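Okay, thanks for having me, everyone. Let me put the structure up on the screen, and then I'll walk you through a few parts of it.

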Amino acid sequence: MVHEGLARFFNRETFSDLTVVDPDGNRIRCHQLVLSSCSRKFADMLEQGALSNPKQAGLRTQSHTVTQGWGLRRHGQQTSYHSSVPVDCMQLALLGNALRVIFCKRPKHSFPFVSAGKVEELPVRGVDAQGLYLVLRFFYTGECHVDHTSVIAVYDAANRLDVDGLATACDVYSKQLLGPGTACTLFQQAQRFALQEFAESCSRIIRVRFDEVVHSEDFLTVDRPTLMKILEDNIPHHNEGSIFRAAWRWGMSSLARMQEMPKVFKMVKVRLQQLPASGFQLYLLLRATDFSACLDCHYICSRRCRT
């Protein structure tokens, strides 16, 4: 029930007293009460006054006062609630429909005490932007939807922010996801976030089930540095033909990757006499240092022939 109430406030201006700025510069409207309740890292930063410098405006949660009978006092053209008991606006908004009507449905002109001062910004660095967003959303909804492309980023963000429950869940789920159809992406993500032990587990799956991995769609999603690492790790365990076919399949998936193949073929050894004539010619073309110029020339000649 609490999460149902909180979910409506995620990344919205209502009662927001903090804007988290992710590594990509995106701004996410949040609430100090929620962040400090869900993350020990955020709690430590906010309790220690990470932004308490007057020049940066402090991270102090705005307290508002309310009377038992919802009495009103008029101050010129403004209306304010009054009481001797301080209450956090987020807590009030979660109490029930009556309070949500009072706090969320009133006209903007009678909303003076909610917009009390400038909303602070808290830059967060050293985590993946998408992973950070999903973790923050988890604070408000109690749910985190991940797949093999995002689970490692969420695990890293949750681990760095000391959200132990979510980090443990992502750790378990990533191991369940690991297989020939996901190993390459998981390996690439593990390398990116320096998760050496999990990267070795991924590498083991790739090595043992190399042919299945190479023929999966997941294999075609990796970048060239990851491909090079996969080929380098598997050269001692598989024959030259298998390594070449893996490199060939990756390189032929797009024109941009064909331009990167000369660097790949510096690592891959193949017996040229085993290649068909067309494959041998393309292999020589890919090995050429002026491969990009060859492609441009071929493109120009093709257009001239059509015209």
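So, let's start with helix α7: 8 of its 10 residues are buried, so α7 is largely enclosed by the rest of the structure. Buried here means under 20% relative accessible area, exposed means over 50%, and partly exposed is in between, with a 1.4 Å probe and protein chains only. Before I go on, a word on where this comes from: it's a predicted model, where local features need pLDDT of at least 70, side-chain atom pairs count only at pLDDT 80 or more, and totals for chains, interfaces and linings use all residues. Residues are numbered from 1 along each chain as its sequence is written, and side-chain values use heavy atoms, with hydrogens and water left out.

Back to α7. The buried residues are V151, I152, A153, V154, Y155, D156, A157 and A158. What do they pack against? They pack against α6, α8 (164-177), α9 (183-192) and α10 (196-208), and contact means heavy atoms within 4.5 Å. The names come from DSSP runs numbered from the N terminus: helices are H or I with at least four residues, strands are E with at least two. After α7 comes D162, with a positive phi near 60°.

S150 is buried, at a relative accessible area of 4%. If you skip its neighbours within four places in sequence, S150 is in contact with Q130 and L134.

That takes us to α6 itself. This helix covers residues 129-141, so to speak 13 residues, and goes 18 Å from first C-alpha to last, close to the 18 Å expected at 1.5 Å a residue. The expected span is 1.5 Å times one less than the number of residues. Which residues of α6 are buried? A129, G131, L132, L134, V135, L136, F139, Y140 and T141. At the start of α6, a side-chain oxygen of D128 comes to within 3.0 Å of the backbone nitrogen of Q130. Past the other end there's G142, and its phi is positive too, near 75°.

Two strands count as paired if DSSP finds at least two bridges between them. Strand β1 (residues 18-21) and β7 are joined by 4 bridges and run parallel. For instance, V20 has L122 as its bridge partner in β7, and T19 has E121.

While we're on β7, it has a covered face with E120 and L122, and an uncovered one with E121 and P123.

Let's zoom in on T19, in strand β1. Is T19 buried or exposed? It's buried, at a relative accessible area of 6%. The T19 side chain makes a polar contact with the R29 side chain, at 3.3 Å. A polar contact is a pair of N or O atoms within 3.5 Å; within protein, one must be able to donate a hydrogen and the other to accept it, and residues adjacent in sequence count only if both atoms are side-chain atoms. Leaving out neighbours within four places in sequence, T19 is in contact with residues including R27, I28, V119 and L122.

One more residue: F10, in the loop between α1 (2-7) and β1. At 10% relative accessibility, F10 counts as buried. Beyond its neighbours within four places, F10 is in contact with I28, R29, Y133, L136, R137 and Y140. F10 and F138 are 128 residues apart along the chain, yet their C-alpha atoms are separated by 9.6 Å.

Zooming out to finish: the chain has 17 helices and 7 strands, and buried residues make up 43% of its 307 residues.
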